[in-house]
Structure formats: C-alpha cells, structure tokens
Amino acid sequence: MATVALLVKDLREHRTAALLLALGCLAVVLLLLAQNAQSAYSMSAFEIVRFALLSFLPLVALIIGNRLIVREYLSGTRLYVEALPIGSTLPLVLKYLLGLLYLSFLSVAMVLLAANQSGIADDVTRNYTLLILGKTWVMTILYWSVVFCFSLCGYLRIALYLVSAALVALLAYYPGIDADRFPPFALMDDQLFVFERDSVPWFDIGGTLLISLVFTLTGFLLTRVGEGSVVERLAKPMTRRDFVALGVLAFAGLALWSALLENKQREPVEFSSQQVVRLNDPSVAVLYLDDAYKESAQIIATRTHDSLTKLQATLGLAQLPRVKLALIPSREKHDIDYATADGVLISANWLEHDSYDDAILDSVLMHGVLSSQTGGRAMFEPYHWVLDGFTRWWVEQGDQQLDSQHAAELLARALWVIDRQPLAHDLVQRWQLTADQFSYPSAEALAWSAMTYLEHSQGRDRVIALALEFLTQPIGSSLLSTIQDRRESVQLRVERVIGMELNEFYRQWKQWLEEQRADKFVQSLRDTIPALAGRVDSDTDASGVHRLQASYVAISPATTDPAIAPGQCIMKHDYLGPFDTEFEVTDDYEDISDCTIGEAVHVVNSVYSPGDRVFIALDYENDVFHQPLRLHAERLTIQ
Amino acid sequence: MNEPARNDATGLLAPEEPAPVVLSLSDVHKSFGSLHVLDGLSLAVHPGEVFGFLGRNGAGKSTAIRLLMGITQCDSGQINVFGESLQSNVVGIRQRIGYVAQEQNMYPWMTPKVLSQFVRGFYPRWDEQRYRQLMNDFDLPPKRRIGTFSGGMKAKLALTLALSTRPELLILDEPTAGMDPVARREFLDLVREQTMKDGATTFFSTHLIDEIEAIADRIGIVESGRTVYGGELDPLRNSVATWSIAMSDYIPGSLPGEFARQQLCVLKEGQRQGRWVMTLQFSQNVLASYEIVLNEGWRHENMSLEDVFIAVVASA
C-alpha cells in the first residue's frame, strides 16, 4: 500500500508535466522522422534516435530529475515522507525507478517510431532493432543515473552539470583523445550507433552500465552519509555567492575552451611544391608536378579563375573558398575526387579531356565551391537538384556560350531519364534516389535541363535568383537561424523565385524537354541508348561459392535483337553501408561484357559474405556519351 | 531520615512502583561529528499520560524525537516503543504513532483531501470518518491547496492526520512554533480534548512552560542532551525555592535555613538588586514535609514554573 501511495503521489504530482514532456518529445521525433522521410536517403531514421540521445533526452532527464528529486529535497517535503511508516530508502528507490521507467518509455518509443519509419532499404531486422534499443536504453540509464546522483547534490548540482559538460566536451572534441574508443562515447559513435547491425558492443555496454552503477550507488550512498545530513545540508537554494562562483567557473571554462579551440585551429593546407600555378582573388592553385604539364595547368587555372571571378560577381559573394586542383596523370579522365574540408581540393586527370570532359570537371569544381561556400548547406536534399542543375548550367552557359554538342548530349540524357521515369515531380522530390537510380551524370543532365528551361522561359536572371536563394548563404549555427531557414518550405521558396507553382513548372519543363526531341541530333543521341533494363540475382553455386548474376531484358517490344546494343554493358559493385546514404560506385569491381538479352551476361564469383550489403549497378557505355548510362541499380543484402 | 531511591539518569527521585511504559529511552547517546547532541538521555512515558518534553532550543529535543521516530539511529543506548526495540520493527511501530512535526512540510500542491488519500496508504488503522469529523471540527477547507494555509491551519491539519491514524502514541514536536497565542491555546485545547477522548499517550515536545502547564501530566526536562528532571510538575515546583537576604546581613556560605547538605543542591546564587539570592533544589518531598525555619534576615521569594525551569536548566 505504501509503495502504491508513493507512486500514485508522484504520478499525480508530475502527470501533466510528464505527459506534456512526452508528447513534446515524441512530436519532435515524429517531425524529424517525417522530415527525414521527405529527404530521401539523407539519413537513417535511427539517426534521429541518436540525435535525440545527444540533444533533448538529457534535457528531459534533467527536467524529470529536477521535478522528482530536487524539488522534493529543496522544499523539505522529503522530511514529511521520511516520518511516514516506510523504509528509509523506499521513496528514493521508487523515484529512481519511476524516472528510469519514464525515460525508458521515451527511448523505447523513439526507437520503435524510428524503426517503423525506416525505409525498406534500412532492412530493419529484429536483432538490429534490439541492438539499437539496447544501446539507447543503456545510454538512457546512464543519463538518469547521472541526473539522479547530481539531483541529490542540492545547490552544487548546477556546478556539477557544468563541470561534467565541460569534461564531456573536452573528451569528445579535444584533439588527441579518441573518445569513440571507450564507453560511453563509443556507444554513441556517429558511424557505429546506426550502422553497426550485427556485433553487440558488450564492452561498451558493460562499461556504460558500470559508470551508471557508480553514479547510482553514489547517489544512494550520499543519502546515507551522516544519516542524510549531507544531502540535507546541500538541499538549499543557491545563494548569491554560489551564483557568482558558478559564473566565474563558467567563464573560466569558456575561456579555457576558447583557448583550446584556438590551439586546435590549423593553418589551411597549401601545395608545397614549386610546380604550382597560383592565381589570387579568388584563390586558385593548380599542382602539375611535371613541367610537361605546366601549360595545361596554366590553362585550367586561368579558366577556373575566370569562371570563379564571374561567379563571384554574379552572385555578389564577398569571398570564395580557396580552390586547389591536383593533376594526377594516372587517373581515368572521369575519375574525379573532391573534398571540401579546407576550401575545395580536386584531384583529377584533365590531360586527355575534350571540352565536354572539361565541363564535367568544372561542374564538379563549382559544385564543391558552392557547397563549401554554404557550409554544405547547398547539398540539403530538398534543393540539391538546384545545386546540381545550377553548377552545370553555370559551366555550360553561365559564363560562356552554350555548346550545341554539349547541349544535345545533356538533353538526350535528360530525355532518357524521363522516358524511364515520366513523373518529373518524383524525380525532383526524391533527388538522391534519382541520382542513385540513373547515376549522377544523368541526374545532373536532368537538373541542367530544368535550369535551361527556366532560362529559356523566364530569362537568365531567374536562374541566378534561384542560386542566390539557395546556394550562397550558409545556415547559421544558432537556433534562430535554423528556424528562419525553415520558416518557409523549400517548395514555397522555389515558387516565389520562379513565380509559378512548382507542379506547373514541372509540367512546362517536361513539355519543353519533350519538344527537344524534335532536334534530330538530340533524338539520334537518344536512340543510341538501348531500351534495356537490368536484373540481378544472387545465389550460391554447387561448391558453395557466392555468385552475382546479372542479365538484361528488353523493355520495348521493338527490342528483340539479343545483341542490340553496340556499346558495352558493365556491372559495377561494391560494399555498401547498412543505410542508403548517397553512394557512387567506383569501377574497382566491374565486369564488362556485350549487352545481350535473356541470358546471364555477368556472372561474378563474388567476394561478399552473407549479411554484406552490396551496391550493384548495371551501366551502359558507348562511344556517343561521355559518361555511362545506368540501366539498373540495386542495393542487395547477401543472404 | 531515610533517603528515597534515586533515578540514575536524573539524579532525582524515581517513581515508587515501576509502571508500564509506552516508550522509553535509556542512556541514549547521539553525536553529529564532534557535536554531542544527546549525552545519556533517559526517560519513560506511561500509557495514557501527556508527557511534556521540555528543553531549551538546541537541548536535543528534536534529535530525541527523530530517534523515537526511527528517522535517525542512536550511537548507543536503548529505545523501546510499545515494549519492543524500535530498530526491530520501525515501520510497524510508526504505524501506531501519530506524529506532528515542528515544521509542516506537507506538499503545497495537495489539498487536504488529496493528502489524506496519500497518507491513508501508510496507516492500516486509518479512520476516514474521524478525519472528516476532525476536518469539520477544525474548520479546515478540504479542497483548498495546502500551500495557501496559514501555519496554524497546517498544524491543525497535521494533528488531524495524526489523530485519524488512531494512534496509540501521539508525538508532537513543538507543533505550536510560530503560532500566535490564540491559535496556540486553541491548538493545545484540541490536543488535550482529543487525547482525553482517545486515551492515547501523548509525547509533547516544547520549550514553552505554559504549554506544559496547560496539558502535561508528567514532564521530562532535557538539557545538553541529558534528562535533568523527570516526573510530575508539582513535585518539581515544590522542590525548588528561592530565598534572599540583604547583602549587609549575608554571611558567605550561610544557608537560608537549617537544611542538611545532602538533601539539597544549590541551583543558583548571586547578588541581585542589593540582595543575595539563593535558589535551592531539594528532594521532592522536602518542601512538602518540612516546615522550614528560616534564619534571620532571609525571606522567601515567589517562583513561577518558568523560574523553576530556568533554574533547573541553568544549573544542569
């Protein structure tokens, strides 16, 4: 009866706050999940759980601790309860369990909601869900144990939270300390928390539970020291002197943190070789490494510098990121690497390029520049297509005359895409899926065609306006700037710039694109792409070796010739993480063959094991198109 | 003259026949660090009586009550309640005790109705009808938040709750602290009336003499953690007397009368307003049984119970 009375009392006292808090938390989780669902492939639904564990779940624990424990001690009502006929530790044990139960409910609900919202590609199995659930619950136990212990420290608790936060920040961010290697940080590893599917991190779970146990026992012991006199002495509101001390502590911590961050900042990376062409304002450096390539380096440096100068003037950008290009003659001509951690660094081989290949390279470069300029914001999923379309548009016709050959190839690609997927709305709304399914060059061509139509129908300024709207400003780090960024939907922002409803724009753009078939050259290019679809099977041969088999089927009745395609069909495959982040398969693992219908064209004794996730692409290459066309793409879990 | 048997703890006279006790503390010690709060406290409370537990602030009354309630534990000594050791069954014993604390730390968000729903879960002998009756008698609003109650109302509510548990022992720890005189008198009348009606034993802690005079059958005076008196009020009142003599007539070392040294102790002596004043404490029956013949120049000074208390406490 006493236990029930205590529980009912706590429930009655905190039910409204607990209910509102739970609803608020779950609403935030649902909103984030919904937003995530809208942004195909942007991240796994379980990333939301990790985000919640790192952001608002600790806050919820803090609020619950404050209500359940701190308030009871500060107001002295504990003294009333301790005179009732009950065991001395029972009220605290019940409070501990109640808080843990509440937070566990929230964390389990979050995981289940995320599991429910996960896409098919997430491959949410029972064991995998249990693994996420276990890690989430263990972290929840840790949070509650810390809050429980600190809540019993009365007026010292705020100082303890600040010191703990500083310690956590120090461990998590200070260079030289790899916090992800030990618990509890290892449990929250940004890769493993979501991507680890099979291996249970027993050591990290055990370590985290041990830390939780230490905090829990410390809390209970604290209440026993001096028969509770220590806790009683601490259970006082903070005095002015405490606040001043806390302020000094916080200030000192911030000063120390700033100093540490200052030390952490490093000088930008520069090419140290003498064989570099350097141009300034905007900064372009081209590393050529051999005097034989100096001329080509000079050409590409000048071309890039001119293009960036015009881009800067057109978009009114005060400063552009530093651009560094490194020539690697051994590379394939379309094998371009780029990184945006420190300006834009591109490594590629441009020695054998024609003008179309140059445009590909320039487009990648511009993509990097605008992405870096916006702190990665330009790649935000709902308007990633604007970035892809604008960069290619800028390279092709933004600062020079559009080459008709380029235009024809791009249009033929775009037409092929809409032939395969007629719903332009879907193509744009699920942009990463489009890039995944049809490969990046085709998606880029499609986006370019949208920009070209916008220019054609409304003038160049509208294209520039669209870029200004989405591709120039980094999102601020404050909550306010985040809210400002989200106060208007991307759709409304696009509609405001282009002056029409987006669906109407899609309709007109698609109609214009269809009209381009009238150009015989475009149509002739389009006709070189065979009407084939790919199919992939995975099995094990008689000797137990795993095999991947790919075949092609005709998707047009006219396509009957088994050797219809004059080009080559290539199966590319590679390991894939467990979730569908953006993925571009390399040609490290590929099988090249003639395109024939109805039989297994590619039979590969695979290197994969059961449980591996593999990305498989079936590309078509011919002499007409500079880059492959993707006939089929699939994410496969090896059984 | 045969000297009566003495109580070891108090150094004063013990009851002639051992009576049954509801609660007893014998040679209880309790320290907080280097601070000795209770230093051999002993007392006994008999069934049905109102026992006044008297002492100055800081004398150790509240610590003694916390020990009695089993909230804290003594360092040494024995505490028995209802004939059993407190530590052997603290929950069961508490269920038979009604407790009114010095400060009413009830949940301010609760109404008396909600509080009673909460409290009844802890007491198997909870009497809802009595609770309602007392609420009505004390004129307490059942649906008003306790946070809005005055100190007196909170004390009445606490007493209501304590009495509604049908306690065999009612422990009141300075329940009238902070009350105005009218509210205090009203509260004491209620305690007297209700305990008389129930026949429950009452342990009433206070530092106010008039409260003790109003309701206590027996008292225990605690000072510096020790019992300096345990017994009825009248013997105490009759055992202490003050005399004075003009300074010019005072012979150092002289006594007001012809008393045998072993029958008295000097509680206090000193000069006041040109007279030498001496307060003496006798064996309880001395003042009642002897007709005191005063030496020349000495005169008897009237003492209130408060004067007696102060003298006893000051000499401890």
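In this predicted model, chain A is divided into three parts, whose residue ranges are listed below.

| Domain of chain A | Residues |
|---|---|
| domain 1 | 2-152 + 180-232 |
| domain 2 | 374-527 |
| domain 3 | 532-637 |

Taken over C-alpha atoms, the centres of domain 1 of chain A and domain 2 of chain A are separated by 44 Å.

Chain A also has an open sheet of three strands, in the order β6-β7-β10 and with antiparallel pairing. Because β6 (532-540) and β10 (600-605) of chain A stand at the edges and each have a single partner strand, one side of each is left without a neighbour in the sheet. From one strand to the next, the twist averages 20°. Strand β7 (residues 546-554) of chain A is joined to β10(A) by five bridges, and these two strands run antiparallel; in this part of the sheet, Gln549(A) stands opposite Val603(A) of β10(A).

Turning to the interface of the two chains, 22 residues of chain A are in contact with 26 residues of chain B. About 2100 Å² of area is buried between chain A and chain B, and carbon and sulfur atoms give 63% of that area. On the side of chain A, the residues that lose the most area to chain B are Tyr80(A), Pro85(A) and Glu227(A), which together account for 33% of what that side buries.

Across this interface there is one salt bridge, in which the side chains of Arg66(B) and Glu82(A) meet at 3.3 Å, N to O, and there are seven residue pairs in polar contact. The elements that give two or more residues to the side of chain A touching chain B are α1 (2-38) and α4 (77-82) of chain A, and α1(A) gives the most, with six residues.

Terms used:
Residues are numbered from 1 along each chain as its sequence is written. Chains are lettered from A and ligands numbered from 1 in the order in which they are written. This is a predicted model: local features need pLDDT of at least 70, side-chain atom pairs count only at pLDDT 80 or more; totals for chains, interfaces and linings use all residues. Side-chain values use heavy atoms; hydrogens and water are left out. Two strands pair if DSSP finds at least two bridges between them. Helices (H or I, at least four residues) and strands (E, at least two) are DSSP runs, numbered from the N terminus. Axes are lines fitted to C-alpha atoms, for helices over the stretch in contact, and angles run from 0 to 180 degrees between N-to-C directions. Domain bounds come from an automatic or database domain assignment. Contact means heavy atoms within 4.5 Å. Buried area is the accessible area (1.4 Å probe) that two parts lose on being put together, summed over both. A salt bridge is a side-chain nitrogen of Lys or Arg within 4 Å of a carboxyl oxygen of Asp or Glu. A polar contact is a pair of N or O atoms within 3.5 Å; within protein, one must be able to donate a hydrogen and the other to accept it, and residues adjacent in sequence count only if both atoms are side-chain atoms.
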